[in-house]
Amino acid sequence: MPMSTTFSHPISSSPSICLVKPLYQQSSMPVKFNVSYHSLVVKCCSSHMGQSADHVNGRKHQSSSMAPFGVTMTDNGNPKPSYKWRRVLLKVSGEALAGDQAQNIDPKITMAIAREVASVTRLGIEVVIVVGGGNIFRGSSWEGCSGLDRSSADYFGMLATVMNAIFLQATMESIGIPTRVQTAFRMSEVAEPYIRRRAVRHLEKGRVVIFAAGTGDPFFTTDTAAALRCAEINAEVLLKATNVDGVFDDDPRRNPDARLQKTLTYHDVTSKELSVMDMTAITLCQENNIPVIVFNLNKPGNITKAIKGEGVGTLIGNYGTSETARM
């Protein structure tokens, strides 16, 4: 006979006996209950609604004390990320990919980049990469050679960035990182065209996206392309990987006493004409409040530190912003 039940007195913490009485019954015959701890469903009064079935049955719920990989726990048990950025753009110059200059692309450099990017994507950080092409062809250096005009020379340079991007994609996928290459002009046989919403969707699915061919227009550097894509996909920081430790107050190759600048403002870069990025790129970062971190690609672990927001290289931003204050 179906029957609703209610407790005749408050629940105790004892696991042994739970007294119930029927709200109604059709006969005066006593009712027997064969209680099974695994099948009994009890409707509790409001004062006990917060208690779980395990608590009713006298078992204390044991939560795991192990935090997920890459996540630390606060005092009250809530997850606390151990990294600062959630979506980052990594700008890698072509010269950095060349390594010791013995060849156009050093496989050891691309593998080192891939492994460090892999370590942070497993933490849930979304990574976008913009590659340069100076290790293969730099358009501005070939202008005027054999009648080559600047626009044509720049298109040569864009094709060089696609070569670097495909090589880096192959390296990343060889160690299990799903990677997509998007180009600023159509090369459908080798890469996807750049579509902003598709790029963001790739990131949301945990894929790494490599942007190639710059902005698709001559007279714009890959640094400007990096700043533009960073603003378009709402990346939180632009990480510029170079062959030096950051921005110094003098050339460290000529002056051994040159000091590394830990923080700079956008105005410092433009007014002192520091050769960090071209003026178009740094101005675009300033207008969109995108912090820039310049660091050394050749030091193991630096990519991971930069992506996770740890102190490395030089931070360029606005003094007084939260980004600057945390470094």
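A residue is called buried when its relative accessible area is under 20%, exposed when that area is over 50%, and partly exposed in between. By this criterion, buried residues account for 40% of the 327 residues in the protein chain of this predicted model.

**Overall architecture**

The protein chain contains 11 helices and 15 strands. Its accessible surface amounts to about 18,500 Å², and carbon and sulfur atoms contribute 52% of that area. Of the contacts between residues at least 6 apart in sequence, 67% connect residues at least 24 apart.

**The sheet**

Strands of a sheet are held in pairs by backbone hydrogen bonds, in either a parallel or an antiparallel sense. In this model, 9 strands make up an open sheet with mixed pairing, arranged in the order β8-β7-β9-β6-β5-β10-β14-β15-β13. Strands β8 and β13 (263-265) are the edge strands, each pairing on one side only. Within the sheet, strand β10 (residues 237-242) and strand β14 (residues 292-296) are parallel partners joined over 5 bridges. Leu238, for instance, has Val292 in β14 as its bridge partner.

**The nonpolar cores**

The largest nonpolar core comprises 41 residues. The residues with the most contacts inside this core are Leu90, Ile113, Ile129, Met172, Leu239 and Phe295. Helix α3 (residues 107-121) is the greatest contributor to the core, supplying 6 residues.

Leu90 illustrates how parts of the chain meet. Leaving aside residues up to four places away in sequence, Leu90 touches Val117, Val128, Ile129, Val130, Leu239, Ala241, Phe295 and Ile303.

**An aromatic pair and a charged neighbour**

The model has 2 aromatic pairs. One of them joins Tyr194 and Phe211 in an edge-to-face arrangement, with 5.2 Å from centre to centre and 90 degrees between the planes. The pair links distant parts of the chain, 17 residues apart: Tyr194 belongs to the loop between β8 (192-193) and α6 (196-204), whereas Phe211 lies in strand β9 (residues 208-212). Tyr194 counts as buried because its relative accessibility is 18%, which is under the 20% limit. Phe211 is also buried, with a relative accessible area of 3%.

Arg229 is positioned over the face of Tyr194, and its charged end also sits over the ring of Phe211. The distances are listed below.

| Charged residue | Ring | Distance to ring centre |
|---|---|---|
| Arg229 | Tyr194 | 3.8 Å |
| Arg229 | Phe211 | 5.9 Å |

Conventions. Residues numbered from 1 in each chain as written. Predicted model: local features only at pLDDT ≥ 70, side-chain atom pairs only at ≥ 80, totals over all residues. Heavy atoms only, no water. Core = buried A, V, L, I, M, F, W, Y, C linked by side-chain atoms within 4.5 Å. Buried < 20%, exposed > 50% of the residue type's maximum accessible area, 1.4 Å probe, protein only. Helix = DSSP H or I, 4+ residues; strand = E, 2+ residues; numbered from the N terminus. Contact = heavy atoms within 4.5 Å. Phe/Tyr/Trp six-rings, centres within 6.5 Å; stacked < 30°, edge-to-face > 60°. Lys NZ or Arg CZ within 6 Å of the ring centre and 35° of its normal. Areas by Shrake-Rupley, 256 points an atom, 1.4 Å probe, with all protein chains shown as cover. Pairing = 2+ DSSP bridges.
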